[in-house]
Amino acid sequence: MQRVAILVLAVPLLAQPVRAQKPADVEKAILTAANAYRAKNGAGKLARDATLDAIAQKHAQALARVDKFGDNDRNGHILDGKDFTDRAKAGGYKPAYLAENVGWNKGFKDPAAKIMKDWIGSPPHRKNLVEKMANQTGIGAARGKSGRWYFVHLFGRPLGEQTMIKAALENRTKQTIKFTIGTKKYELKAGEKAVFTHSQPSGKVQISITWPNAKKAETSDLDDKIRYAFEETKKGGFEFKKVGAL
């Protein structure tokens with residue numbers, strides 16, 4: 001099962017004197033600032049992707065052409081009734097992760113610096129900026145007749161680079177079993193079973209099991225479309241094993 005993480009955020013802004021700038025220069029300035037901020041926060045560098053760039057730039061240009069921040073001039077994610085997932089699909093980008101920051105400002109000497117300052121100052125926008133799942137970006141900037149600058153910043157990771165699994169776990173013991181998949185904590189009570197899905201940027205998906213009365217957790221790999229069981233051994237211990245296909 002494919003899981004696609006999606007986040008959407010917008011910021012409108014106004015103010016001061018302005019100098020003529022080219023959209024390409026504004027976009028480069030946003031990329032430079034974004035990667036510098038990510039580096040300070042332990043996130044990897046974003047690489048510009050031609051497909052995401054085209055999608056972001058087309059949307060920024062469309063906003064500038066109508067000179068409105070979206071259909072209602074309040075939500076730049078929605079234009080002509082479509083959001084960024086629609087635009088990504090139309091543009092041919094298949095994401096394992098996809099997020100978008102949008103915004104506008106007017107009258108600033110450095111529109112890129114201003115929008116970055118405001119995105120960083122907004123917790124939801126900042127979350128997108130430092131999201132470790134993202135490794136690609138597309139950036140669009142365009143200026144409307146009113147003098148407004150419109151900005152679109154897409155964050156993505158292509159589907160082929162994502163590790164995803166779906167596994168069934170059954171607790172055949174008489175105890176509650178606590179475990180972690182990735183960074184998420186779970187537990188299954190005696191006799192319970194459930195299907196879990198998990199996605200991560202790359203590498204083997206692992207389960208970390210804390211057996212009853214154990215001082216240390218036990219770690220095992222999880223494979224896709226496999227059924228697993230927690231069982232008690234004849235010697236009074238516990239084991240985690242594959243029991244079939246899902």
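The structure is a predicted model, in which local features need pLDDT of at least 70 and side-chain atom pairs count only at pLDDT 80 or more, while totals for chains, interfaces and linings use all residues. Residues are numbered from 1 along each chain as its sequence is written, and side-chain values use heavy atoms, with hydrogens and water left out.

The largest nonpolar core has 20 residues. A nonpolar core is here a set of buried Ala, Val, Leu, Ile, Met, Phe, Trp, Tyr and Cys residues joined through side-chain atoms within 4.5 Å; buried means under 20% relative accessible area, exposed over 50%, and partly exposed in between (1.4 Å probe, protein chains only). The residues with the most contacts inside this core are Val26, Ile30, Trp119, Leu129, Phe151 and Phe155. Two or more residues each come from α1 (23-40), β3 (95-106), α4 (111-120), β4 (136-143) and β5 (148-158), with helices (H or I, at least four residues) and strands (E, at least two) taken as DSSP runs numbered from the N terminus. The most is given by α1, with five residues. Apart from this core lies another, of 19 residues, among them Ile55, Leu79, Leu98 and Val102. Residues up to four places away in sequence aside, Leu129 touches Ala34, Tyr37, Arg38, Asn101, Met116, Trp119, Ile120, His153 and Phe155, contact meaning heavy atoms within 4.5 Å.

Helices α1 and α4 pack at an angle of about 35°, with their axes 9 Å apart. Axes are lines fitted to C-alpha atoms, for helices over the stretch in contact, and angles run from 0 to 180 degrees between N-to-C directions. On the α1 side the contact is made by Val26, Ala29, Ile30, Ala33, Ala34 and Tyr37, and on the α4 side by Pro111, Ala112, Ile115, Met116, Trp119 and Ile120. Thr51, Ile55 and His59 of α2 meet Arg87, Ala88 and Gly91 of α3.

Gln136 lies in strand β4 and counts as buried, at 15% relative accessibility. Beyond its neighbours within four places in sequence, Gln136 is in contact with Leu46, Ala47, Asp49, Leu52, Tyr93, Leu154, Phe155, Gly156 and Pro158. Gln136 and Thr183 are 47 residues apart in sequence, and their C-alpha atoms are 23 Å apart in space.

An open sheet of four strands has the order β9-β6-β12-β13, with mixed pairing; two strands pair if DSSP finds at least two bridges between them. One side of β9 (193-200) and one side of β13 (238-245) is left without a neighbour in the sheet, because these edge strands each have a single partner. Neighbouring strands are turned by 30° against each other on average, direction ignored. Strands β6 (residues 163-171) and β12 (residues 226-232) run parallel and are joined by five bridges, with Ala168 partnered by Arg227 of β12.

Four bridges link β10 to the antiparallel strand β7 (residues 177-181), where Phe179 stands opposite Ile209. Five bridges link β10 to β11 (residues 218-222), also antiparallel, and Leu222 of β11 is the bridge partner of Val205.
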